[in-house]
Amino acid sequence: MASSTTADGIEIEKLGDGGDGSSGHGDGGVGGGGFGRSDAAPQRAYVTGMTIALGGVLMFFMALVSAYIVRKGFPNSDWRGLDVPWILWLNTTILIASSFTVARSRNRYVAGDKEGFRHWWAVTAILGCFFLVGQLIAWRELAAAGVYLASNPSSSFFYVFTAAHGLHLLGGIAALGFVGVRASRHLTRGTAIEVASMYWHFMDGLWVFLFMLLVLGK
Amino acid sequence: MSVIPSSSQSVSEAPKGIVRRYIFSTNHKVVGVQYFLLALIAVAIGIVLSLLMRFHVVWPGAHIPFLSGGIMTPEQYLALVTMHGTIMVFFVLTTAPQAGFGNYFLPLQIGAPEMAFPRLNMLSFWGTLVAFVVMLAAFLVPGGGPISGWTAYPPLSALGSISGPGEGLGQTMWIISIAIFCVASLLGAVTFIATTIDMRAPGMKLMRLPLTVWSWFVTAILILMAFSVLLAAGVLLLLDRSAGTSFFIPAGVVVNSQLQNHSGGSPLLWQHLFWFFGHPEVYIAILPGMGVVSHVLSNFSRKPVFGYRVMVFATCAIGFLGFTVWGHHMFISGMSPYSGFAFSLLTLAIGVPSAIKTFNWLGTIWGGKIQFTTAMLFALGFVSLFVTGGLSGLFLAQPALDMVLHATYYVVAHFHIIMAMAAIFGIFSATYFWFPKMFGRMLNERMGKLHFWVTFAGAYCIFMPMHFLGIEGAPRRYADFTGVNYLEPLAPLNHFVTIAAFVTGAAQLIFIFNFFWSLKYGRRASRNPWNSTTLEWTTDSPPPPDNFGGRSPEVYRGAYEFSVPGAPEDFIPQNLPPVKAVPAS
């Protein structure tokens, strides 16, 4: 009776695997099912949970973005376009690169190369730190030029976007550190790596979108 | 779907120690009861606040003992309006039906031993509790509670203490409390959704889920999408207040002859963001009640839910349409008539799935062997209130009529009947229905029925006259109608409403007494006192810590197999294999 031959069952499988669609092939820990303890969630629940949580994060940022578009579009607006500091281009490149390193790290893990996994995982976290330091430098530059949070709506949104994204990325770095250092009681290593990389890729993509908005939509 | 190994016995034992077991517990049933008790405290406070308001409206000069100064000021009245609305909407209507009963019964009804992320779930409750404490503390800070209403419209909410008492620290604490509440609710929503998707027992296909589970699932999606937007709006509002930004504050605002140093922001931007959350919030409050009512009506009519699949579809449709209609809260904001027309049409469109639900409820009880238990009475009361409140919604959904009625008691009547009263009746129905499962004892039915009839009559006595007050032009939020000539003929009506409110408020003491009396002296509940079909009734009352005592339920049929021809009894539990259901044919 429990077979997934019905439309419903198939739909569930899709939802469960939706998160690691980027990887194509599942790794040992994900989708393998199996309750570790009888009250513990199956591993795919963590992938589902992360997918849903990212949906919430997306709504949070889209609310800010729609406020940005509306606030900028007022007739007779006091909006003065903000020229973003050049270092953001470097930061963006670093963050995009970190998406590649985290993907490489994950592949090394799937291939059974623990050493390679650890190496690229650490590189990702370091790149993430570089990005955050770069963002701080950008803030310092703007402040030196007299552009503060309340100077103009464009600078208000700039600081809100970068701060909100930076805090989320800081959480991502903490997650990378946690996954790299110790194993969880509930998640297998494979699931933890899967979920953390999903989050990392999402934060990368989100930043590219916000950066484009700030550059092209100023 | 993997089969849960039943070998591990250790999990059926609860953790040792009071603190781990009842306070910082990750068990979904403990979290559910904690949420329920939080809502019970919140609703008691909310009712007291509303009674103070009603008292003041009809006796504005009366001396109130514990108020500083003795006589209530208009600002104190507005603080009551704000805090009553906030506490009721967030800490009662969002908390009890979804987080309370949902936490307790979602895993049980899908045959899961626990929520998918128990620690996240516990964190969700403790976040909500912290938010509640911060909210109440806003009453105690200098200036008192905020006066900008539960919708916190800027510029009033954004300018700080210059715009009124309570708009200083009180308003800041309001925003911080709501932000914490948002984060806590998001954690809960993620847990609910992942649990429903990935933790169902073998055989529990989507179309076999009880309608309660469907409602909690759709509601969790609404929470995920709506509260994240409110959180973003709250961050911007807080920055406007504390960091000098101008997201919502326009240029040239003068308060107490002081020009405010802001430029170019838009209060309407806040209204859009707020109501993008605020309208789905209405469905967050009512959808779980709809699920419970479908469930209870079917159970006590001894008939399957009429049109189960259509009910599922209607639940999803209401959830989806709920995100497209926020503009109908803003008809009087000066929006373009074209936008108003679009929002009006979409709002009226919600009438379609709502009517589908109503007719299916009637179809469910039609020709059934109806058992008038208290839970059933409250479910029927829900349908009555839902229809009444829905009908006044048809008037308000039209911009031309809303222009006249929007800022009057008509709107107060409308949303209290459909959002507050109907949702509360859903909560009561759920309480009378599930109390035996939660606490192992039956609630007293005699007291329950008395409670129902007084509350049902009271709900109509309080809120029906408000329609007439509104049509006559009585404005909302006014602390005092003294000297408003055109309302003087209606003064007796206002007195009647206040007396009805006090009687109905007092009747809730019957429920409180019944609740605690039955906890100790109520008749012991069997496993399945209502002859129900769903999985929570196949385990002990109350259930063991791992819900099914180490075994894993398997599901073979839909949730509402009542009065199946040829079956030995008039109900077939979901976990009964097919061969046993029908005797040799």
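Analyst: pLDDT is the predictor's confidence in each residue, on a scale from 0 to 100. Happy to go through this predicted model with you: local features need pLDDT of at least 70, side-chain atom pairs count only at pLDDT 80 or more, and totals for chains, interfaces and linings use all residues. Residues are numbered from 1 along each chain as its sequence is written, and chains are lettered from A, with ligands numbered from 1, in the order in which they are written.

User: How do you know what the confidence in chain A is?

Analyst: Chain A has a mean pLDDT of 84, with 82% of its residues at 70 or more. Within chain A, the mean is lowest in helix 1 (residues 7-17), at 32, and highest in helix 3 (residues 87-110), at 97. Over residues 1-38 of chain A the pLDDT is below 50, although this stretch has 77 contacts in the model beyond near neighbours in sequence. Two residues count as in contact if their C-beta atoms, placed from the backbone, lie within 7 Å. Where pLDDT is low, predicted coordinates should not be read in detail.

User: Why is helix 8 of chain B called oblique to helix 12 of chain B?

Analyst: Helix 8 (residues 267-301) of chain B packs against helix 12 (residues 374-396) of chain B at about 125 degrees, with the axes 9 Å apart. That angle makes helix 8 of chain B oblique to helix 12 of chain B. The classes are roughly parallel (under 35 degrees), roughly antiparallel (over 145), roughly perpendicular (65 to 115) and oblique (the rest).

User: What makes up the contact of helix 8 with helix 12 in chain B, by class?

Analyst: Nine nonpolar residues, one polar and no charged. Here Ala, Val, Leu, Ile, Met, Phe, Trp, Tyr, Cys and Pro count as nonpolar, Asp, Glu, Lys and Arg as charged, and the others, Gly among them, as polar.

User: What makes helix 4 of chain B and helix 14 of chain B roughly parallel?

Analyst: The axes of helix 4 (residues 95-110) of chain B and helix 14 (residues 409-439) of chain B cross at roughly 20 degrees and come within 11 Å. These two helices of chain B are therefore roughly parallel to each other. In their contact, residues of helix 4 of chain B including F101(B) and Y104(B) meet residues of helix 14 of chain B including W434(B) and M438(B). By class, that contact has ten nonpolar, one polar and no charged residues.

User: How do you know which residues of chain B belong to domain 1 and which to domain 2?

Analyst: The bounds come from an automatic or database domain assignment, which divides chain B into domain 1 (31-250) and domain 2 (524-585). Their C-alpha centres lie 36 Å apart, and 13 residues of domain 1 of chain B are in contact with 16 residues of domain 2 of chain B.

How values were computed
Axes are lines fitted to C-alpha atoms, for helices over the stretch in contact, and angles run from 0 to 180 degrees between N-to-C directions. Helices (H or I, at least four residues) and strands (E, at least two) are DSSP runs, numbered from the N terminus.
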